[in-house]
Amino acid sequence: MVDAIIIGAGHNGLVCANYLAMAGKKVRILERREVVGGAAVTEEFHPGFRNSVASYTVSLLNPKVIDDLELHNNGLKILHRKVNNLWPHDNDDFLAFEVGSDKLKAEIARFSQHDADALTRYFRDTAMVADIIRDFLLETPPNVGGGIRDIFKAAKFANRLRKLSIEDERIVLDIFTKSVSDFLDLYFEDEYVKGAFAFDGIVGNYADTQTPGSAYVLMHHAFGEINGEKGVWGHAVGGMGAITQAMAKSATSKGVEIQTATAVKKVLVRNNKAFGVLLENGETIEADIVVSNLNPSLLYNQLLEATQLPEDFSRRMKHYKNGSGTFRMNVALSELPKFTCLEQQQRASTAHLTGGIIIGATCNYIDQAYRDSKQHGWSKAPIVEMLIPSTLDDTLAPQGQHVASLFCQQFDPDIDWDIHRETAANLIIEQVDKYAPGFKQSVLGKQVLSPIDLERKFGLTKGDIMHGNMSLDQMFSTRPLLGHGNYRAPIEGLYMCGAGTHPGGGVTGAPGHNAAREIIRDN
């Protein structure tokens, strides 16, 4: 008999397993798929072409997790993008988020000197909030009804805010309550500058830039760092699967068992205590500790019976909000895309192709994409973020050829994607072709993952890459539900370690780290 079973070998499950093993626990991870990694995996999707299948870029992975699991010693290597992001414009110009504050300021000054001058204040304000968020990433949120320890946690959080000036308190309130559009109006006036910053407010967020709370989603993508440098994005050599392979290697070196092609059917409960799992093949595995790395919707609505849960808890979990409007594609390319804006502008260079190339340059474009999806099921002019990781990593494609990730929004998660999948995929390729003529012709093969495909392949309910909406009612102490924001289920011995817990989505490792600490405290 093992001490702990972890359901799901996604990155948070692997992180949790590592920490439990460090504490002397005998751990077994059960993974439904034949490979570890969850949504952070690298696969060959066309002969000779490999790419990160779902998660596709690095920044949020916590430095403490990297160090504690010795990921760099276990094969992980992260490269910096040479340019962070680039937005092609319809007039054959572009806006690039260059690496380095002076370069970025000069680039933005091309569009608005006012906005270039506002950058210092914007980055000062967002860095202040990002530092507060970082302070609590690896903390368990205070839990309602949790007793004296949680009272002290709440006091610690309140004390951190008490030290702020009144204007800084206003900024924190803005971040958690305002729409990303309203928040950016405090700083910027140019539509292209504002649109570029607004993009992060709708990533994985089925919303428009006017949606209250979307400013926090912007902030959620701003607290990352790469190799000690804050606010930058990078690429894991070998794709995102290199991260989870390094985590798995670290775990197995500590004695963790990883069992793939092993689907869990039910969590076993007796007298309100979890004591193991029932597999799809009928086998049972017992353990004193059961940890779920799944979306909370899957855990509470499929792996447990409603009668095993408190009535109010079960009722609310049936209405847990999922759906991120995400459509994911990987394409094998015979050549690099030739973006018109890069061909036309003298300041362009091949470095610009190492960044995220985002079709969706203004808030109006972003908002119309959302309106279209609500009316018609998908955007007529979708938002597309293209990454070409083979510009940095020659292990992914044959020499002279390339792979590209297409992260696309907005696509209604509730329509029948088995009928509309190819129509949407073709529309996405046509949209890229408008900005990079010849792109369509260069596509040698593609992998198409609509919202339902993301759910079937990775267990991302309604294609939700965050394991649940990152809204005010589903974050911090209320993620996944008020009274259970401390990684503990309402069943003794059952815990949650996935992105449906604080601090939420992204490849951070923080939920797995924090859950392990609480499990060790209880056991």
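Let's start with a helix pair. Helix α4, residues 113-137, packs against helix α6, residues 166-177, at an angle of about 75°. Their axes are 10 Å apart. Angles of 65 to 115 degrees count as roughly perpendicular, so α4 and α6 are roughly perpendicular to each other. Keep in mind that this is a predicted model.

Who meets whom? From α4 come Arg-121, Arg-124, Asp-125, Met-128, Val-129 and Ile-132. From α6 come Glu-167, Asp-168, Ile-171, Val-172 and Ile-175. By class, the contact of α4 with α6 has six nonpolar and five charged residues. It has no polar residues. On spacing, a general point: an α-helix has 3.6 residues a turn, so residues three or four places apart point the same way.

Next, helix α18, residues 510-522. How does the span of its 13 residues check out? At 1.5 Å a residue, α18 should span 18 Å. The end C-alpha atoms are 19 Å apart, which agrees.

Now burial in α18. Ala-510, Pro-511, Gly-512, His-513, Asn-514, Ala-515 and Ala-516 are buried. Glu-518 and Ile-519 are buried too.

Pro-503 lies in the loop between β21, residues 494-496, and α18.

Take Glu-70. Its phi is near 50°, a positive value in a residue other than glycine. Glu-70 is in the loop between α2, residues 63-68, and β5, residues 78-80. Is Glu-70 buried, exposed or partly exposed? The relative accessible area of Glu-70 is 47%. Exposed means over 50% and buried means under 20%, so Glu-70 is partly exposed.

Then Asn-271. Phi of Asn-271 is near 55°, again positive in a residue other than glycine. Asn-271 is found in the loop between β12, residues 264-270, and β13, residues 273-279. Its relative accessible area is 74%, so Asn-271 is exposed.

To recap: α4 and α6 are roughly perpendicular. Glu-70 is partly exposed, and Asn-271 is exposed. Over to you for discussion.

Note on methods. Residues are numbered from 1 along each chain as its sequence is written. This is a predicted model: local features need pLDDT of at least 70, side-chain atom pairs count only at pLDDT 80 or more; totals for chains, interfaces and linings use all residues. Side-chain values use heavy atoms; hydrogens and water are left out. Axes are lines fitted to C-alpha atoms, for helices over the stretch in contact, and angles run from 0 to 180 degrees between N-to-C directions. Helices (H or I, at least four residues) and strands (E, at least two) are DSSP runs, numbered from the N terminus. Angles under 35 degrees count as roughly parallel, over 145 as roughly antiparallel, 65 to 115 as roughly perpendicular and the rest as oblique. Contact means heavy atoms within 4.5 Å. Ala, Val, Leu, Ile, Met, Phe, Trp, Tyr, Cys and Pro count as nonpolar, Asp, Glu, Lys and Arg as charged, and the others, Gly among them, as polar. The expected span of a helix is 1.5 Å times one less than its number of residues. Buried means under 20% relative accessible area, exposed over 50%, partly exposed in between (1.4 Å probe, protein chains only).
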